[in-house]
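Welcome to this short tour. Keep your viewer open and follow the stops in order.

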Amino acid sequence: MAKYIAKRLGMAVVTIWLVATLTFFLMNLVPGGPFLSEKAVSPKALEALEAKYGLDKPLHEQYLTYMKDALHGDFGDSLKQRGRTVASIITSKFPVSAKIGGLAVLVAFFVGVPLGCVSALHRGKVTDNIIIVIATCGIAVPSFVICTLLMYGFGVKLGWLPTLGLGTWKHYIMPITALAFYPTAYITRLMRSSMLDVLGQDYMRTSRAKGLSQFVCLFKHALRNAILPVVTYLGPLLAYTVSGSFIVEKIFSIPGLGREFISSITNRDYTVIMGTTIFLATLMVLMNVVVDIVYKLVDPRIKLK
């Protein structure tokens, strides 16, 4: 186990380095710069700004300097938010996205798994058809449409829920619902197909032939094997939702990391783009490593090599 974890962590470091390198050079290939949108900036002032942040140096020198500082946890200062470091921006914004994303993952898991099981057990019946229709809509309908429908229905028409910000617990209901709708639908379909496959296995027929109850067959034998594809999906899903859905945060005016990332791209804030990308890539890779380890805990028959 320790050897496997060390190997995966080594691969994770290489992956993060590749992501950071590609992001750095592709970002600098885009025409324009972070200070071109400034009003009434003279050529001398522009040169002074570029010299202050090291943008006047050759690209390879900028890359080496940035990667050296990043290894020490220094992602530099924001080019647009004067006086703020990238680390402080991530530290202040990420907890908001993590809270919403974590709750959305819990909702998706604890709703999607039971719905998938129910759908598989009632295959071809009315209940199964209704769940499939809802799950298909959840996958097909974009998140901004879900956000708009929730805001119009529960925020404007009924006036039950607030539509902007994160003041009280009611402010979390619509963003979490919108963020969890797609993964819930995906987990439902994934769980249904996996459960149908498991229910047709020989050991399941043997369990039923021994007179075991449907509850025991389902939760002791079938669920443990059928849930493995869902566990695989939870790794990338957790990283995606925890980092915050960009569209959801933008529509509901949530001050999370996703909205900050969008703003940094619009404003060409190179240091924030790089710092956020490295942070999210690290989160994604680590979640995948954790999922592989959880595999072993869920099913001891799996061998980690």
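What is the mean pLDDT of the protein, and what percentage of its residues reach 70 or more? The mean is 79, and 84% of the residues reach 70 or more; pLDDT is the predictor's confidence in each residue, from 0 to 100. This is a predicted model, in which local features need pLDDT of at least 70 and side-chain atom pairs count only at 80 or more, while totals for chains, interfaces and linings use all residues. Residues are numbered from 1 along each chain as its sequence is written, and side-chain values use heavy atoms, with hydrogens and water left out.

Colour by pLDDT and select helix α2 (residues 43-52), which has the lowest mean pLDDT among the elements, 69. Then select helix α5 (residues 126-140), which has the highest, 87. Helices here are DSSP runs (H or I, at least four residues), numbered from the N terminus.

Next, show helix α4 (residues 86-121) with helix α12 (residues 257-266): they pack at about 130°, with axes 7 Å apart. Axes are lines fitted to C-alpha atoms over the stretch in contact, and angles run from 0 to 180 degrees between N-to-C directions. Display Ile 89, Ile 90, Lys 93, Phe 94 and Ser 97 of α4, which meet Leu 257, Gly 258 and Glu 260 of α12.

Last stop: Leu 238, in helix α10 (residues 228-242). Beyond its neighbours within four places in sequence, Leu 238 is in contact (heavy atoms within 4.5 Å) with Val 105 and Met 287.

Conventions. Helix = DSSP H or I, 4+ residues; strand = E, 2+ residues; numbered from the N terminus.
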